[in-house]
Every structure is written in C-alpha cells, then in structure tokens.
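These are my notebook entries on one protein chain. I wrote down what I looked up, in the order I looked.

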Amino acid sequence: MAAPVSCVHMLQSATRIFHQGNVLLSAHDCSKHSHNKGVRHRVLASAITPRSTDRKLESLLDSVKWDNKGLAVAIAQNVDTGAILMQGFTNRDALTTTISSRKATFYNTKEDTSNNNVINVHDIFLDCDRDSIIYLGKPEGPSCHTGSETCYNTSVFDLLKEEEDKGDKLALTSLFASESRISERIARRLEGKSPYPWTLRNNLLLCSKIKEDADELCKSLKYNYDRLRSASMMADLLYHGMVLLALKDVKVEEALQIFRRRYVPSHIEEKRSCVSQKSGEH
C-alpha cells in the first residue's frame, strides 16, 4: 500500500525542488488535498523556503524518540486555559513545520477528519522521555472535528454512573468548571427555572462584596494573616469577580489572554531584556 500523502509531504517535496523552480504552496493548495491522509491544522504558509540546516534543530529532532513509523504523540494545549485540546501524531517534518511556522501541525494516520481551524503555537515542550510532545498554543476555533472546543468531552465517571454518553461535558480545570457552573445558574435564572441567588439579584451588593474581598486580601498583607487565610480571600475575590464577568458576558479566558500579553513575557521579550541589561553593563 502506498504511503499516505500529506500536506507535510507536499511541503517537503516543494522544499526539495525550491531551488529548481521557485515553488509556491499556498493555504489553498493544502486545502485542495485535505481529502488525503495528512496534516491537521495545516500551515497557512504563502511560500516555502528551503529546509533549515541549523544544527541545533537537527540535533533536537534526532533526540526525539520516534516510533518505528517515525511518529510521536503530539498534544495541543490551550496556553490560557490549560485545556487539552486534542491528541494527534507528529513526525520529523511536521514538527519542523510547526517550529518554523508557529502553527500546530499534525501527521494524520487515519482518514482525514480534520477541520481547517488553526492553533497558533506559543511554545513546544518535550516530555522527560522525549517520546511525547506538547504544542502550547491558542486555537482560532474549535479543535475537534465535531465542532467542540476540545476533543475531550465525555466523563468516564458520568458514563459509569449514568450509563449514557452525553458527550457534552468538557474536561475543565477548577476555575473553568466554576465559570461553567456560574453560566448555568445565570441561564436558569433567565429562564425562570431557579430562584435568584443574591450575587445575581443585586449588582450593587455584588460589587460591594468584590470590594470587601479585595480589602480583606490587602489586610492579609498588612496584618500578616496566615497563608491559608490569604488564599481563602483570594478564592472569594476570584469567584465573585467571575460572577461579575459572567453578568457582563465576558469569558475568564479573555481576561487570561490579556493577562498573558500584559504580564507574561515572551521569549523574544526576555531575550530583548537580557540584551538591554548587558548593554547597560558596558
């Protein structure tokens, strides 16, 4: 059986003959071949450049423990929420493409069930054994071919308890599970299916509570409260702040995205900072 054709293979082939004919491969060219087995979340490149001969990159690729088919597990994770978006496979070419394009690229070993949504990669991590890879990035749309935010939406414990696969429960961390619960309560309130809790009944009271929580948190520093009490104050402030955001129809992820851009330095910014510091020393 012939080896599956993929956009990664197309990228590789175009690279090989780049010097011979100035080959251009657009996103449209990749999309035309999406019926073949290949790459999910394809690279939206307008042109192909020669494969890098950088020794560090080649050394890194050599250090990955590819299986007997030349593949390694690749997991996409949301940089802001921590949500596991999907699991796929990558090979040497797909990983090289991901590194150079900053677009998550997967080698698909199955019949293509992908979508055309892109995951913009912020960083890539190898596990301790170097046989598994994480693409840490920001998705531009649903990561699952079903249209779901992630591919993980069925709880095993719910299946064992209810013996029914609803397929509508996302794997959420504590913060986002709480946000989902808040949104459900607001929806039931609007439908008249539940009584109004005080946090949803009175906006002024909610704002007063947020101010109180913030003041208590500041007091924990001023009066040297113990660590547990400080954490408790922060938990209250987070929760009531999330209620306010939900009432404003603002997602916590939106706040975290701004947080990342404002307070989490990128590798480029860190490099510039180091260069500035060294320049100042001379």
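**Entry 1: overview**

How many helices and strands does the secondary structure of the chain come to? I counted twelve helices and six strands. Helices (H or I, at least four residues) and strands (E, at least two) are DSSP runs, numbered from the N terminus.

I note that this is a predicted model, in which local features need pLDDT of at least 70 and side-chain atom pairs count only at pLDDT 80 or more, while totals for chains, interfaces and linings use all residues. Residues are numbered from 1 along each chain as its sequence is written, and side-chain values use heavy atoms, with hydrogens and water left out.

I looked up burial next. The chain has 282 residues, and buried residues make up 32% of them. Buried means under 20% relative accessible area, exposed means over 50%, and partly exposed is in between (1.4 Å probe, protein chains only). The chain exposes about 18200 Å², of which carbon and sulfur atoms supply 54%. These areas come from the Shrake-Rupley method with a 1.4 Å probe; for residues, only the protein chains shown count as cover.

I also looked at contacts, meaning heavy atoms within 4.5 Å. Of the contacts with a separation of 6 or more, 59% are between residues 24 or more positions apart.

**Entry 2: a pair of strands**

I followed strand β5 (residues 119-126) and strand β6 (residues 132-139), which pair in the antiparallel sense over seven bridges. Two strands pair if DSSP finds at least two bridges between them. Asp123 stands opposite Leu136 in β6. Five residues lie between the strands of this hairpin, and Arg130 takes a positive phi near 60 degrees there.

**Entry 3: the nonpolar cores**

Which residues touch the most other members of the largest nonpolar core? I found Ala76, Leu95, Ala104, Phe106 and Tyr135, in a core of 15 residues. A nonpolar core is a set of buried Ala, Val, Leu, Ile, Met, Phe, Trp, Tyr and Cys residues joined through side-chain atoms within 4.5 Å. The elements that give two or more residues to this core are α4 (55-63), β2 (71-78), β3 (84-91), β5 and β6. β2 gives the largest share, three residues.

Ala76 is in contact with Ala83, Ile84, Leu85, Met86, Phe106, Ile119 and Tyr135. Another core, of ten residues, lies apart from the largest one and has Ile186, Ile210, Met242 and Ala246 among its members.

**Entry 4: a loop residue**

I picked Arg102, in the loop between α5 (92-101) and β4 (106-107). Arg102 counts as partly exposed, at 46% relative accessibility. Leaving aside neighbours within four places in sequence, I list its contacts as Thr97, Ile119, Asn120, Val121 and His122. For Arg102 and Asn120, the C-alpha to C-alpha distance is 5.9 Å, and they are 18 residues apart in sequence.

**Entry 5: salt bridges**

Side chains of opposite charge can pair when their charged atoms come close. I searched the whole structure and found ten salt bridges. A salt bridge is a side-chain nitrogen of Lys or Arg within 4 Å of a carboxyl oxygen of Asp or Glu.

Arg181 forms one with Glu184, with the closest N and O atoms 4.0 Å apart. Both lie in helix α7 (residues 174-191), three residues apart, about one turn of the helix. Arg181 is partly exposed at 45%, and Glu184 is partly exposed at 39%.

I found Lys209 in two entries of my list. Its closest N and O atoms are 3.7 Å apart in the bridge with Glu212, and 3.6 Å apart in the bridge with Asp213. Glu212 and Lys209 are three residues apart in helix α9 (residues 203-222), so about one helical turn separates them. Lys209 and Asp213 are four residues apart in α9, again about one turn.

**Entry 6: cysteines**

How many disulfides does the structure hold? I found zero, a disulfide being a pair of cysteine sulfur atoms within 2.5 Å. The closest cysteine sulfur to that of Cys144 is in Cys151, and because the distance is 3.7 Å it is too far for a bond. Cys144 is buried at 6% relative accessibility, while Cys218 is exposed at 54%.
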